[in-house]
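We will go stop by stop.

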Amino acid sequence: MTEAEPGKSPDNPWPVRAVATRVAKYIDRLGTVWVEGQLTELKLRQSTAWMVLRDPAADMSLSVSCPRDLVANAPVPLTEGTQVLMHGKPQFYTRNGSFSLRIDEIRAVGLGELLARIERLRRLLDAEGLFDPRLKRPLPFLPRTIGLITGRASHAERDVVTVARDRWSAVHFAIRNTAVQGPNTVPQVVEALRELDADPDVDVIVIARGGGSVEDLLPFYDETLCREIAKCTTPVVSAIGHEPDNPLCDLVADLRAATPTDAAKRIVPDAAAEQALITDLCRRGGRALRNWVHREQRTIDQLRSRPVLAQPMAAINARADEVERARTAARRDITRLVAAEADRIGHLSARLSTLGPAATLARGYAVVQTMPDAAVLRTTADAPKGARLRVRVSDGAIAAISDGPEGTTQ
């Protein structure tokens, strides 16, 4: 049976010194590096300085050591929260198995470089649409509970709470006190933001801080915080610094307030102002309604005052005499016409009687007709001897037989 390679089996393990030595040799081959971060701890010993360098965008840190004189001669005073660039070589200490970065140069992060980095981040977030106004969530008219993220016992907290309660006394707050400056700001604010966003009772979240330099407000330019604000489902109001200050979280938030006091005014309506507005609207509505009623009443009065409605029978009465005169005239004309026609008919009847055969017969004349065709006898030739005749006189008719024309031989 062959013996296992050292360190590959429990039967042939490496001693601690062998592992530590190999790790130290591997790390030693990494060479020197430049690293950027924020100082969170600084401990000075007699000849050595120990520091903790933290990544502001992630919960990661790195132990750093350097000669004490290097800290004393740094280009800027090194305190907790200072943003620095360091050059050094990673080292692994085999005695206690610890890792550290041995620094040989410290540089300050200049304002110009900070602003350039912020501008690049701003363009990146803008290109991703995090500043798009269409993504801004509307604020509730009257929030029940306001989530407030701010420093403990800060002026910003006092301003927001005092002004909001003065405007609407029934408003409630869910306050989360966090660091608002230094390397712990981003993780603490992000944690508070997630907690308040998950609370269903919170209607709006305010991130408030007083003014300061760009270095002081640097956590609110952080990419992690900006993306966390963009992910929130609850409307977020950014009230960082004063009017000239404009960190990136202002652009991502649903509403930017110039100051914490301005945030309270824009989130919570003024009860007195709203009451005055309601009173004014009621007054204006009542006046408009009364004016409308009066206008309609005048219209009705004008309609009722018109003659056709005031005395609807007047027009009929005014025409009654005219109708009666027309009826009298029509009756008179008809009577006259009937009388005239009656006279004309009487004259025609008299003429007809005079010219008719009856009158002629009454004067002694007779009408002789041949029978049986009843033709009027006009000539003697029409009544030969033996012809049957009908003689019509005024009072009747008699039958006769013709003897022929007179003067003819028998």
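Start with Trp14, in the segment before α1 (16-28). The model is a predicted one. Trp14 has 38% relative accessibility, so it counts as partly exposed.

Next, the salt bridges. The structure holds 21 of them. Select Asp28 and Lys89, whose side chains meet at 3.0 Å, N to O. This pair links distant parts of the chain: Asp28 sits in helix α1, Lys89 in strand β4 (residues 83-93), and 61 residues separate them. Asp28 is partly exposed at 48% relative accessible area. Lys89 is partly exposed too, at 23%.

Move to helix α3. Glu119 and Arg122 both lie here, three residues apart, about one turn of the helix. Their salt bridge brings the closest N and O atoms to 2.8 Å. Show Arg123 as well: Glu119, Arg122 and Arg123 are linked in a network of salt bridges. Glu119 is partly exposed, with 30% relative accessibility. Arg122 is partly exposed at 26%.

Now helix α9 (residues 271-305). Arg284 and Asp280 are four residues apart in this helix, so about one helical turn separates them. Their side chains form a salt bridge of 3.5 Å, N to O. Arg284 is partly exposed at 44% relative accessibility, and Asp280 is partly exposed at 23%.

Which residues touch the most other members of the largest nonpolar core? Select Ile149, Leu193, Ile207 and Ile229; the core has 31 residues. Elements giving two or more residues to this core are α3 (111-127), α5 (185-198), β8 (204-209), α6 (223-231), β9 (236-240) and α7. The largest share, six residues, comes from α5.

Stay with helix α7 (residues 248-252) and pick Asp250. Is Asp250 buried or exposed? At 3% relative accessibility, Asp250 counts as buried. A polar contact of 3.0 Å joins its side chain to that of Arg256.

Last stop: an open sheet. Four strands run in the order β12-β11-β13-β14, with antiparallel pairing. The edges are β12 (375-376) and β14 (396-401); each has a single partner strand, so one side of each is left without a neighbour in the sheet. Select β13 (residues 388-393): six bridges join this strand to β14. Finish on Arg392, which stands opposite Ala397 in β14.

Conventions:
Residues are numbered from 1 along each chain as its sequence is written. This is a predicted model: local features need pLDDT of at least 70, side-chain atom pairs count only at pLDDT 80 or more; totals for chains, interfaces and linings use all residues. Side-chain values use heavy atoms; hydrogens and water are left out. Buried means under 20% relative accessible area, exposed over 50%, partly exposed in between (1.4 Å probe, protein chains only). A polar contact is a pair of N or O atoms within 3.5 Å; within protein, one must be able to donate a hydrogen and the other to accept it, and residues adjacent in sequence count only if both atoms are side-chain atoms. Two strands pair if DSSP finds at least two bridges between them. A nonpolar core is a set of buried Ala, Val, Leu, Ile, Met, Phe, Trp, Tyr and Cys residues joined through side-chain atoms within 4.5 Å. A salt bridge is a side-chain nitrogen of Lys or Arg within 4 Å of a carboxyl oxygen of Asp or Glu.
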